[in-house]
Amino acid sequence: MNPPEPYLASSARYDSLPYLRCGASGLLLPKISLGLWQNFGLTHPLENSRALLRRAFDLGITHFDLANNYGPPPGAAETTFGCILREDLAPYRDEMIISSKAGYLMWPGPYGDWGSRKYMLASLDQSLKRTGLDYFDIFYSHRPDPNTPLEETMGALDHAVRSGKALYAGISNYSAEQTRAAAALLRRLGTPCIIHQARYNMFDRWVERDLLTTLSQESIGLIVFSPLAQGLLTNRYLHGTPEDSRIAQGGPFLTSEDLTPEKIDKARRLNEIAQARNQSLAQLAITWLFRQKQVTSALIGASKVSQIEELCAAVTAPLLTAEEIARIDSIL
Ligand code: NDP
């Protein structure tokens, strides 16, 4: 195979995507960030992964989100990212915010899962090695661990920052109550919790119950994962299941069982609202999120360059009117 064309980032990369402050921190994040959970494993062509990362960076996406277990197999997304960083993006390292996480099963035995200090810090070292990075910009506890004292997990995040292996600490999938407790512990340790990564989309509004209020009170920014409900809130499944879609690819995280007639019907009706605004359904799903002031960034996934381009174009769309929001609520 021919070596890839050398990469020179677009000189227009900071011309269009806005950057929002993450909570009360000094960190600005792009309104659209790119996650590497899917489409960056060994089963995906390296050249497509490279095209996605290059185009994202050219469009002003400075934030790339990883976790120890992203693949397949687990670890492969970090390895892929490390390879493309070395070959293409290394000159731009100081223009990038790269995150990783530990919290889900990564290696066998009692020390490869959940939230112990042993696991968190060993996993961080492994992630640094796979990516070839000296440090992550953000390191997260990927999920709360009911069997480890929260003090211990937060102590591990604090240590990660103090040791220079991470610049900021974050949490993911914590309830409002767990978030309050984690934020208090981290504040006491002198390493503020600046970011929470949570699922939020038109089909899953759990954060509206009490997490959004807590995040405001604690001055923590929200980065939203699966803003398109893994593709259900796009035109992908409005007329069947395309062969190259996440569902047809047969991964464990989105299956045909998730594609209920009720969801397809809602997606079609939401699509009509989008069309009336000259938007795609995916773009509407992004616009809808930013009506909440706590949302710092929409953390998207993509299998194609055109999907990233379409979503970046959504950030300049007019705000939703009260009437449009009410119509969306009535559909949901
Ligand atoms: P999305 O909800 O954005 O779904 C991404 C999928 O939607 C794409 O793979 C693609 O599907 C489809 N899509 C994207 N753009 C378009 C478009 N313009 N038109 C049509 N279809 C489109 O996010 P993910 O569920 O992938 O999650 C994003 C990131 O969030 C992850 O990579 C990860 O970083 C993070 N995450 C964090 C979790 C946590 O526990 N903290 C859990 C899950 C995710 P197709 O592949 O079919 O083309």
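A crossing of two helices is left-handed if the near helix is turned anticlockwise from the far one by less than a right angle, and right-handed if clockwise. The crossing of helix 1 and helix 2 is right-handed. The model is predicted: local features need pLDDT of at least 70, side-chain atom pairs count only at pLDDT 80 or more, and totals for chains, interfaces and linings use all residues. Residues are numbered from 1 along each chain as its sequence is written.

Helices (H or I, at least four residues) and strands (E, at least two) are DSSP runs, numbered from the N terminus. Helix 1 spans residues 46–58 and helix 2 spans residues 76–89. Their axes come within 10 Å and cross at roughly 60°. Axes here are lines fitted to C-alpha atoms, for helices over the stretch in contact, and angles run from 0 to 180 degrees between N-to-C directions. Helix 1 is therefore oblique to helix 2. Angles under 35 degrees count as roughly parallel, over 145 as roughly antiparallel, 65 to 115 as roughly perpendicular and the rest as oblique.

Helix 1 brings Leu46, Ser49, Arg50, Leu53, Arg54 and Phe57 to the contact, and helix 2 brings Thr80, Ile84, Asp88 and Leu89. Two residues are in contact if their C-beta atoms, placed from the backbone, lie within 7 Å. The contact residues divide into 5 nonpolar, 2 polar and 3 charged. Ala, Val, Leu, Ile, Met, Phe, Trp, Tyr, Cys and Pro count as nonpolar, Asp, Glu, Lys and Arg as charged, and the others, Gly among them, as polar.

The ligand is surrounded by 30 residues. A residue is near a molecule if its C-beta atom, placed from the backbone, lies within 6 Å of it. The closest are Gly35, Trp37, Phe225, Gly301 and Gln307. Strand 10 (295–300) and helix 10 (305–313) each supply at least two residues of this shell. Helix 10 gives the most, with 3 residues. The shell holds 11 nonpolar, 15 polar and 4 charged residues.

Most residues other than glycine have a negative phi, and most peptide bonds are trans. Asn39 has a positive phi of about 75°. Asn39 lies in the loop between strand 3 (32–35) and helix 1. Asn39 is buried, with 21 other C-beta atoms within 10 Å. A residue is buried if 20 or more other C-beta atoms, placed from the backbone, lie within 10 Å of its own, exposed if 12 or fewer, and partly exposed in between. The peptide bond from Gly71 to Pro72 is cis, with omega near 5°.
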